[in-house]
Structure formats: C-alpha cells, structure tokens
Amino acid sequence: MLPASSIPYSPFPIPESRDIVLAFSGGLDTSFCIPWLQERGYEVHTVFADTGGVDDAERAFIEARAVELGAASHVTVDGGPAIWSGFVKPFVQAGEGYQGQYPLLVSDRYLIVEAALKRAGELGTRCIAHGCTGMGNDQVRFDLTVKALGDYEIIAPIREIQKEHKEVRAYEQRYLEERGFAVRAKQKAYTINENLLGLTMSGAEIDRWEAPGEGARGWCASRGEWPTSALTVTLGFRHGETVTLDGEHLPGHLLLARLNRLFAAYGVGRGIYTGDTTIGLKGRIIYEAPGLIALLTAHRALEEAVLSKAQNRFKSVVAKQWVELVYEGFFHDPLKADLEAFLESSQRCVNGEVTLETRGGSVHAVAIASPHILNAKGATYAQSADWGVAEAEGFIRLYGMSSTLWAEVNRGNGA
C-alpha cells in the first residue's frame with residue numbers, strides 16, 4: 001500500500017468498517033481493485049469462487065496474486081457442485097441459449113456473489129466489491145443478486161474510474177505497473193472468463209468487429225489439431241439430468257469437466273456471438289462451451305423423442321423466459337422458480353441414454369434408447385400406417401377446414 005501522503009483524493013469517506021469483501025479472479029480488473037480499495041482505507045478480503053474453469057496451477061496463481069497485491073485474507077471456495085445444481089441442471093432442461101445461441105457462460109456470477117456474501121457474514125461486514133465494468137451485463141447480475149440477498153454497500157471500482165478515464169483497461173494496467181505489479185500479457189489484450197461452463201473472450205480485434213486472431217483461442221483445439229478418429233460417448237439421463245458418462249456414474253460437475261476435456265480436443269462448442277446486452281449495447285464475444293453444447297445436444301435429442309407434441313411446443317416458451325431472466329440478472333426473481341417448477345415436471349419421462357459422435361467442430365446425437373420414446377405400434381413416419389385412406393382424408397379435411405373455407409369464400413373476391 002502507498003504511504004498516506006501519496007494517497008489520491010477519493011470521493012469515498014474512510015469507511016466505519018474497514019473490511020470489504022472482493023469477488024476476486026486474479027484478472028486485470030479484480031487485481032486493480034485491491035490497491036484501489038486499499039488506497040481508500042479498506043482492508044480487502046478476497047474470495048475466489050472456483051467454479052471449475054481453472055487447474056491447480058491457475059488456482060495457485062490466483063491465491064498468490066491476492067497475497068502479492070496485499071489482500072488482508074484470501075479464501076477459495078469450491079463452487080462446482082453449486083453451479084451444476086443451481087444452473088447447469090435447469091439450463092440443460094430448458095434447452096435454449098440466449099437469443100437462440102449464447103449458452104449463458106457467465107452464470108457462475110450468481111454463485112460467486114453468494115460465496116462473497118457468506119464471507120462477509122464471517123467477517124461481520126456489509127461492504128461488498130466487484131470488478132465489473134459499467135458497460136457490461138455482469139454489473140447488473142452482481143448488483144441485483146446482492147440486493148436480492150440482503151442489505152449491503154456495493155463498491156464497484158471499475159465503474160468509478162470510468163468517470164475519469166475512457167481507456168479503462170490501459171489505465172488499470174498502468175496503475176498496477178506503477179505500483180510494481182506485473183500484468184499478464186494476455187490480460188493486456190483480452191478480457192477472459194473461465195469456469196466449469198466454458199470460456200468467453202472479448203477485447204482487442206473482437207471488440208473491433210474483426211476476425212479473431214489465433215491469440216483469441218482458449219480450450220478448443222484448432223482444426224489442424226483435431227484427432228483423426230471420431231469421438232463417441234454415451235450419456236445417461238434420469239428425469240432430465242445427466243447422471244452417467246459411458247456407464248459411469250459421476251457427480252454432475254465432474255461429468256461436465258470431463259466432457260469439456262473430451263470435446264474441446266475436437267473444437268466442439270466454439271462460436272462468435274453478437275447479442276443485445278441488458279443495458280442496450282451490442283456485445284461481441286468468442287465463447288467456447290464444449291461440454292455444455294454436448295449436454296444440450298444429447299438432452300434435446302432425448303427430449304424430442306419422449307415429450308408430447310404440445311410439450312415440445314410450449315417448453316420453448318418457458319425456456320426463453322427462463323434464459324432471459326438469468327441473462328439479465330433476475331436469478332432470484334420468483335418467476336424463475338415458477339418456471340423451474342414447470343421444467344422439473346416436464347422432465348419426469350426424460351430417461352434413457354443418448355450416444356453422441358463428433359469428428360470435429362460439431363456434435364450429433366446418433367442413437368437414442370429410452371422406454372418412453374413415443375413410437376406408435378402400428379405406424380412409422382413415411383413408411384407404414386395402421387389407418388386407412390378415408391381416415392387420412394377425413395383428418396386433412398377437418399384439420400384444414402378454416403383455411404380451406406377462407407380460400408373458397410374469398411377466391412375471386414379481390415382478397
């Protein structure tokens with residue numbers, strides 16, 4: 001920490017409680033937050049909610065980074081089981097990406113907030129800090145979740161510096177380097193988020209709407225690195241939740257982690273997404289979600305085979321609403337729980353096994369086994385039927401009655 005004589009003027013008064021809990025990832029933004037908060041009189045306690053996107057070496061780096069930056073304390077929380085039960089299970093059962101594409105890869109934010117608030121309770125403070133910018137969606141997710149769960153003071157250093165600095169990342173980098181803290185080379189160019197769900201990248205040429213360079217690649221292997229032989233895996237489902245991988249029962253978060261490794265080697269789940277952010281800007285990111293895309297593919301194939309026509313039609317309406325609530329920060333809105341009650345009910349017959357296959361880039365469900373597949377005993381689509389010509393013609397006549405009548409009444413009447 002800088003000596004008192006060098007502390008810049010701050011609009012914040014010295015807090016009554018000097019303890020503040022910072023949701024910490026070790027990246028550029030949250031690294032900047034530690035000295036910035038210290039220079040305003042806070043004792044900064046960092047919490048890293050390990051939601052499954054880092055290995056042992058990265059976890060050790062994050063802990064060492066917190067110590068290097070002068071955190072008063074640091075804790076690492078295992079968030080894998082919570083992210084599976086709290087997000088992955090209902091998301092896969094919903095089966096829809098945001099705006100039909102994006103698989104909500106930063107939904108671990110809600111669990112990170114819960115971990116930070118738990119730590120605040122242990123320290124007896126009601127001051128919470130995060131490293132979200134004022135341009136993106138995460139600030140909405142963090143703030144609304146904090147407000148839903150209690151009465152806390154929220155400090156967002158990155159939002160504060162945007163009042164005076166347009167090139168925020170460059171300012172953060174310079175701020176840290178002037179205080180003797182190095183910045184990782186990749187963090188200078190990109191904002192990178194990793195967790196059990198997948199990886200997102202923004203910044204540099206991505207923000208400039210240019211073609212991503214090879215530096216903008218995370219888990220997913222490039223085409224030239226894909227294995228030559230196909231990958232085949234079989235996923236087992238019970239009540240819409242994935243419970244086995246090639247016959248082996250695994251806790252959900254470990255199953256997803258294994259799928260990430262398997263399908264990332266084949267480049268599955270990588271895309272470029274441009275969408276409407278909560279605050280109205282257009283957002284452009286690269287995302288990689290190999291395991292989650294595999295789960296969605298398998299679940300949808302099974303679901304389409306066992307749900308009724310009316311269920312399949314209506315479920316997409318519920319899924320779209322659920323996804324929008326989660327994307328826009330309303331993780332604790334009561335409507336979300338209401339929608340999840342429907343989703344859970346819809347999954348009671350989503351049982352069976354699905355075999356997935358990939359040769360690289362995309363994944364397909366190639367086989368489905370379930371006692372609940374809606375097969376008609378005497379009929380197969382486009383092959384055979386146990387009804388007669390008269391029945392088929394009568395169905396068509398009644399089914400199309402309204403449309404046919406309109407055409408007959410208005411034919412030749414200028415309509």
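Tyr273 has Ile285, a residue of strand E12, as its bridge partner. The model is predicted, with residues numbered from 1 along each chain as its sequence is written, and local features need pLDDT of at least 70, side-chain atom pairs count only at pLDDT 80 or more, while totals for chains, interfaces and linings use all residues. Side-chain values use heavy atoms, with hydrogens and water left out. Helices (H or I, at least four residues) and strands (E, at least two) are DSSP runs, numbered from the N terminus. Two strands are said to pair if DSSP finds at least two bridges between them.

On to E12, E7 pairs in the antiparallel sense over three bridges; here Leu199 is partnered by Glu288 of E12.

Strand E7 (residues 198-202) is mostly covered, as five of its five residues are buried. The term buried means under 20% relative accessible area, exposed over 50%, and partly exposed in between (1.4 Å probe, protein chains only). In a regular strand the side chains alternate between the two faces of the sheet. In E7, Gly198, Thr200 and Ser202 point one way, Leu199 and Met201 point the other way, and all are buried.

A further open sheet has five strands in the order E10-E9-E8-E13-E14, again with antiparallel pairing. E10 (248-249) and E14 (362-369) stand at the edges with a single partner strand each, so one side of each is left without a neighbour in the sheet. Strand E9 (residues 241-245) pairs with E10 in the antiparallel sense over two bridges, and Leu245 stands opposite Glu248 in E10.

For the chain as a whole, the secondary structure comes to 15 helices and 14 strands. Its C-alpha atoms fill a box of roughly 95 × 55 × 45 Å, taken along the principal axes. Of the 415 residues in the chain, 47% are buried.

Grid points are joined across faces, edges and corners, and a volume is the space filled by probe spheres set on the points. The second largest pocket has a volume of about 400 Å³. Its lining consists of 18 residues, of which Gly52, Gly53, Val54, Ala257 and Arg261 lie nearest the centre. Helices H2 (56-68) and H10 (252-264) each supply at least two residues of this lining, and H10 gives the most, with six residues. By class, the lining of this pocket has six nonpolar, five polar and seven charged residues. In these classes Ala, Val, Leu, Ile, Met, Phe, Trp, Tyr, Cys and Pro count as nonpolar, Asp, Glu, Lys and Arg as charged, and the others, Gly among them, as polar.

The count of cavities of 30 Å³ or more comes to one. The largest cavity holds about 30 Å³ of space and is lined by Tyr102, Leu104, Val106, Ser107, Tyr110, Arg141, Val326 and Tyr327.

The structure holds zero disulfides, a disulfide being a pair of cysteine sulfur atoms within 2.5 Å. The sulfur of Cys132 is 8.8 Å from the closest cysteine sulfur, in Cys33, which is too far for a bond. Cys132 is buried, with a relative accessible area of 7%. Cys220 also counts as buried, at 1% relative accessibility.

Terms used:
1 Å grid on protein atoms, 1.4 Å probe; cavity = no way out; pocket = protein on both sides within 12 Å on 5 of 7 lines; lining within 4 Å.
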